[in-house]
Amino acid sequence: MRILVTGGAGFIGSHLVRRLVVQGGHEVVNLDALKYSGNLANLKAIETDARHTFVHGDIGDQPLVERLLREHRIEGVINAAAETHVDRSILDPGAFARTDVVGTGVLLEEARRAGLQRFLQVSTDEVYGSVETGMSIESDRLAPRSPYSASKAGGDLLALSYWTTYRFPVMVTRGSNTYGPNQYPEKFVPLFVTNAIDNQPLPLYGDGRQCRDWLAVQDHCSAIEHVFLRGEPGEIYNVGGGNEWENITVAEQIVGYLGKSRDLIRLVQDRPGHDRRYAVDCSKLRRLGWNPGVPFEEGLRTTIQWYQEHEDWWRTIKSGEFRTYYEQMYGKRLKEGSKFEVRS
Ligand code: TYD
């Protein structure tokens, strides 16, 4: 198929593009605005592959999107472009509304006008809000609580409205916390791994007992591909790894693998409005024939090894814009933080 993938220089997007091109043999036009977390180094493996065309641009640029769909005779769109980090959404919510809602709207409208066969919106389990007990199913009411998850919910609902209103064949995946190689080191796993390698403190928010369901990026991408090719139009599919862990447990595993002291873990001031837990029921996607294949311990170990073996990749990032962000986000917190003492 000829597919437009957006956000394909980012973390999940670059894994997805590589998969679609190398394993799937698809022709991919990759549209990415190369904002702070987009990185062409993530696409080195397919740099010279004729099936991959990179285009630097924004999903909100209507004339550009219209032209790409037409000139490349695109058959389907996977929208993986997004502002994705909750902490940044607290600092600059407007950027999230612009890309995740308005940008998604532009893509949807152009794809509909071009009469495409398939449109997959990559959403997130965070649209369900904090789930204290049980598991979210696709028909649950959305209750996003951060500017990030509220913006993603906006894009998610807008996509679904295109099925209801126009019978435009949209599908939505709601994936859980994803980890793996190439993830920008603002996120929990790569931040803790790279800080631990450098013997720097690991800022654990609040009491460190929040729960996330960890999903390997390879599994997330196989799910997106599976739904794109086999999903039912108008349907939503939860994607989770089935690995629910408290943050403190993951932090302890990271220092354990790296042979570092757990004294590096610091309890710091919590994120405002921090969601306690996310958990998704993925039985609908399993019925469609998808299963995750990467056990968490193995996925975490190989991810840590990747960061050990690719210091150039993350040191370049951490020495740039990231430093200002880190100081703003963690400077005061770490000065006031305390060691994580006893596990009760
Ligand atoms: P994150 O990777 O930001 O994903 P999300 O908030 O979208 O789930 O964070 C995962 C969990 O780790 C979340 O509960 C917040 C927590 N966390 C910390 O304790 N310290 C940190 O420095 C970061 C970035 C996250």
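Which residues line the second largest cavity? I looked that up first. The lining consists of Val-86, Arg-145, Ser-146, Arg-212, Arg-271, Pro-272, Gly-273, His-274, Asp-275 and Tyr-278.

**Ground rules.** I am working from a predicted model, where local features need pLDDT of at least 70, side-chain atom pairs count only at pLDDT 80 or more, and totals for chains, interfaces and linings use all residues. I number residues from 1 along each chain as its sequence is written, and side-chain values use heavy atoms, with hydrogens and water left out.

**Domains.** I took the bounds from an automatic or database domain assignment. It gives domain 1 (2–179 + 215–239) and domain 2 (188–211 + 245–273 + 295–339). Their centres, taken over C-alpha atoms, are separated by 27 Å. Twelve residues from domain 1 and 17 residues from domain 2 make the contact (heavy atoms within 4.5 Å).

**Cavities.** I used a 1 Å grid over the protein atoms alone; a cavity is a set of points where a 1.4 Å probe fits but cannot get out. A pocket is an open set with protein on both sides within 12 Å along at least five of seven lines, and lining residues have an atom within 4 Å of a point. Grid points are joined across faces, edges and corners, and a volume is the space filled by probe spheres set on the points. I count two cavities of 30 Å³ or more. The second largest cavity holds about 50 Å³. Its lining has three nonpolar, three polar and four charged residues. For these classes, Ala, Val, Leu, Ile, Met, Phe, Trp, Tyr, Cys and Pro are nonpolar, Asp, Glu, Lys and Arg are charged, and the others, Gly among them, are polar. Domain 1 and domain 2 both give residues to this lining, so the second largest cavity lies between them.

**Largest pocket.** I read a volume of about 430 Å³ for the largest pocket. It has 29 lining residues, and Asn-39, Ala-41, Asn-182, Trp-306 and Trp-313 lie nearest its centre. Helix 1 (11–23), helix 7 (217–230), helix 10 and helix 11 each give two or more residues. I took helices as DSSP runs (H or I, at least four residues), numbered from the N terminus. The lining splits into twelve nonpolar, 13 polar and four charged residues. Why does the largest pocket lie between the domains? Both domain 1 and domain 2 give residues to its lining, so it lies between them.

**Second largest pocket.** I read about 280 Å³ here. Of its 16 lining residues, Asn-195, Lys-318, Phe-322, Arg-323 and Tyr-326 are the closest to its centre. Helix 6 (188–197), helix 11 and helix 12 (322–336) each give two or more residues. Helix 12 gives the most, with seven. By class, the lining has six nonpolar, five polar and five charged residues.

**Helix 10 on helix 11.** I checked this pair last. Helix 10 (residues 296–309) packs on helix 11 (residues 311–318) at about 75°, with the axes 5 Å apart. That makes the two helices roughly perpendicular (65 to 115 degrees). Axes are lines fitted to C-alpha atoms over the stretch in contact, and angles run from 0 to 180 degrees between N-to-C directions. Trp-306, Tyr-307, Gln-308 and Glu-309 of helix 10 meet Glu-311, Trp-313 and Trp-314 of helix 11. I sort these contact residues into four nonpolar, one polar and two charged.

Definitions and conventions. Angles under 35 degrees count as roughly parallel, over 145 as roughly antiparallel, 65 to 115 as roughly perpendicular and the rest as oblique.
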